[in-house]
Every structure is written in C-alpha cells, then in structure tokens.
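Please look over the two-chain model below before reading the notes that follow.

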Amino acid sequence: MARSAKAVPWFLFAAGGTITAFVLPVLLLVTNIGPALGLFQGAMNYETMSGFMSWWVVKLAILGIVVLGLWHAAHRLRICAHDFGIRADSAVAVVLYGLATIGTLATVVALLSI
Amino acid sequence: MSETTVRKPYKRQMSRTTWFMTHARFKSYMLHEVSSIFVALYMALLIAGLFALANGPDAWAGWLAFVKSVPVLILSLIAFGFFVIHTTSWFKAVPQAMRIQQGEHFVPGKLIIGGHYVALGAFSLFVLILAGVA
C-alpha cells in the first residue's frame, strides 16, 4: 500500500478539532467575553495569571491547546480555500502550514519566557 | 470503421465560489468549516496574550484592554457562535469516526455523543468555577 504524508496533517486536524471542541467555548468566555462584561477580574489580573501560568502542567496544557488549535485551523482553512474556489493548493498549504509552524515556535518561545 | 464518436459529457454548471449556497447541507458544511477562521484568530490572540504576560504587568494590561474593546468583544461574540457550531458539528461526527465495539454490538452513537456533552459540561463548569473563585 502506498504510504501517504496525509496522515500527519490529518492527525493534527483531528486532535486539534477534538481539543478545541471541548476547550474553546469556555476559554473564550473566560478570556474575552467575561472580562469585557466585568467578570473574572480576579482571575485575569496580572499576578493571578502569571502565578497560574508559572505551573509547568498549565504551560503544557496551553501549549497543547494553542498548537493543536493552530494546526487544526491551518488544515481546515486549506480545505476552505479549495471550497472558495482557490485551486493553488500547494501554495495555500505552504502558507498555512508555514504560519502554523511560526505560531508553534512563537507559542514555545512565549511560554518559556513566562 | 472510420466513424468516430465524439463524447459530449454532461457537465453541470456550478460556481466555484458560491456552490455551497445551492443546498442547505452544503451551507451547514461551510458554516462549520468557516469556524476555523475564528479558531485561527483566537489562537493568534492567545499567543499575543502569552507574550504580553511574559513582558510584564503593563503589556498584560494593554492586551487586556484590547481584548475588552468593543470591536474585539463583537468579534468574540461571533467567534463564540462559531465555536459552538464547531463543537456541536464535531461531536455529531464522532460516532462515524470512532466506532466502539462492545461484545457483539457497537455502542450506540447517541451514547458516545451524550458522553461527549457530559464531559464538555463538566469541563466548562470546572473552568468557570476556577476562573470565578480566583
């Protein structure tokens, strides 16, 4: 049977799709919508957040969420580009997976400097 | 035989850019596919937030002020809608992707989906309590 490199982005897409399905709605409530409405002020202040983010377990969890979310979105946006009539798939793939790679590195750098 | 037949296959005319507007099923497919735009934007915002946290209290305050601004709030509310669409459509597809066999039978899809919603509820409640108590 022919081996295909498709398994790699597909695995990242599926893993990212699962983790984002569970995490993103509530995370968006806590980081964005709640604070804009005056909620979660204690949790979102600098001392609490930097204390919370200094835990390695938390860093690993955030790394997993952000990186898998990025690769999930990159793969799905590649399909979206095709669905919206853009047929330059290799160029689209290079750009989107390239951005996901940059995002992955940026996440690692940011987490290591907290 | 010198006679040649010319194939004239029927090609249905379909727009490359608006094809999904022709059928309700295509529309709902595009709706959950487009959620990825908001996932990507939110991930970028979170990465910016991590850098702000690393750069100290002033940078963090700046990021938080940006997040609380009206345009970002409006985008966040739209994003929340798309995240819910992503979650429900993803859970709906799980029984097709993951068939669990138990003895002679497969675990019914409804049970698998239900389990996912229970886990989602428990996790969301846990995060909200954690954020509310902190």
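**Helix packing, chain contact and overall form**

In this predicted model, the axes of H4(A) and H5(A) come within 9 Å and cross at roughly 170 degrees, where axes are lines fitted to C-alpha atoms, for helices over the stretch in contact, and angles run from 0 to 180 degrees between N-to-C directions. H4(A) and H5(A) are therefore roughly antiparallel to each other, given that angles over 145 degrees count as roughly antiparallel, under 35 as roughly parallel, 65 to 115 as roughly perpendicular and the rest as oblique. Because the model is predicted, local features need pLDDT of at least 70 and side-chain atom pairs count only at pLDDT 80 or more, while totals for chains, interfaces and linings use all residues. Residues are numbered from 1 along each chain as its sequence is written, and chains are lettered from A and ligands numbered from 1 in the order in which they are written.

**The H4(A)–H5(A) contact**

- Among the residues that make this contact are A:Leu63, A:Val67, A:Leu70 and A:Trp71 of H4(A), together with A:Val92, A:Leu96, A:Tyr97 and A:Gly103 of H5(A); two residues are in contact if their C-beta atoms, placed from the backbone, lie within 7 Å.
- By class, the contact has 16 nonpolar, four polar and three charged residues, with Ala, Val, Leu, Ile, Met, Phe, Trp, Tyr, Cys and Pro counted as nonpolar, Asp, Glu, Lys and Arg as charged, and the others, Gly among them, as polar.

**Where chain A meets chain B**

- In the contact between the chains, 43 residues of chain A touch 44 residues of chain B.
- On the chain A side, helices H1 (7-36), H2 (41-44), H3 (46-53), H4 (56-83) and H5 (89-113) each supply at least two residues, helices (H or I, at least four residues) and strands (E, at least two) being DSSP runs numbered from the N terminus.
- The largest share of that side, 15 residues, comes from H1(A), and the side as a whole divides into 27 nonpolar, 14 polar and two charged residues.

**Two single residues**

- A:Phe40, in the loop between H1 and H2 of chain A, has a phi near 55 degrees, a positive value in a residue other than glycine.
- A:Phe40 is buried, because 20 other C-beta atoms lie within 10 Å, and a residue counts as buried at 20 or more such atoms, exposed at 12 or fewer, and partly exposed in between, with C-beta atoms placed from the backbone.
- B:Gly62 belongs to helix H2 (residues 57-68) of chain B and is partly exposed, with 13 other C-beta atoms within 10 Å.
- The C-alpha atoms of B:Gly62 and B:Gly49, which are 13 residues apart along the chain, are separated by 9.6 Å.

**Form and domains of chain B**

- Chain B has four helices and two strands, which follow the pattern α-α-α-β-β-α along the sequence.
- Its radius of gyration, taken over C-alpha atoms, is 24 Å, well over the 14 Å that the globule rule gives for 134 residues, so chain B is more spread out than a compact globule; the globule rule is 2.2 Å times the number of residues to the power 0.38.
- The C-alpha atoms of chain B fill a box of roughly 85 × 45 × 25 Å, taken along the principal axes, and 18% of its 134 residues count as buried.
- An automatic or database assignment gives domain 1 (34-96) and domain 2 (98-134) of chain B, whose C-alpha centres lie 23 Å apart.
- Five residues of domain 1 of chain B are in contact with seven residues of domain 2 of chain B.
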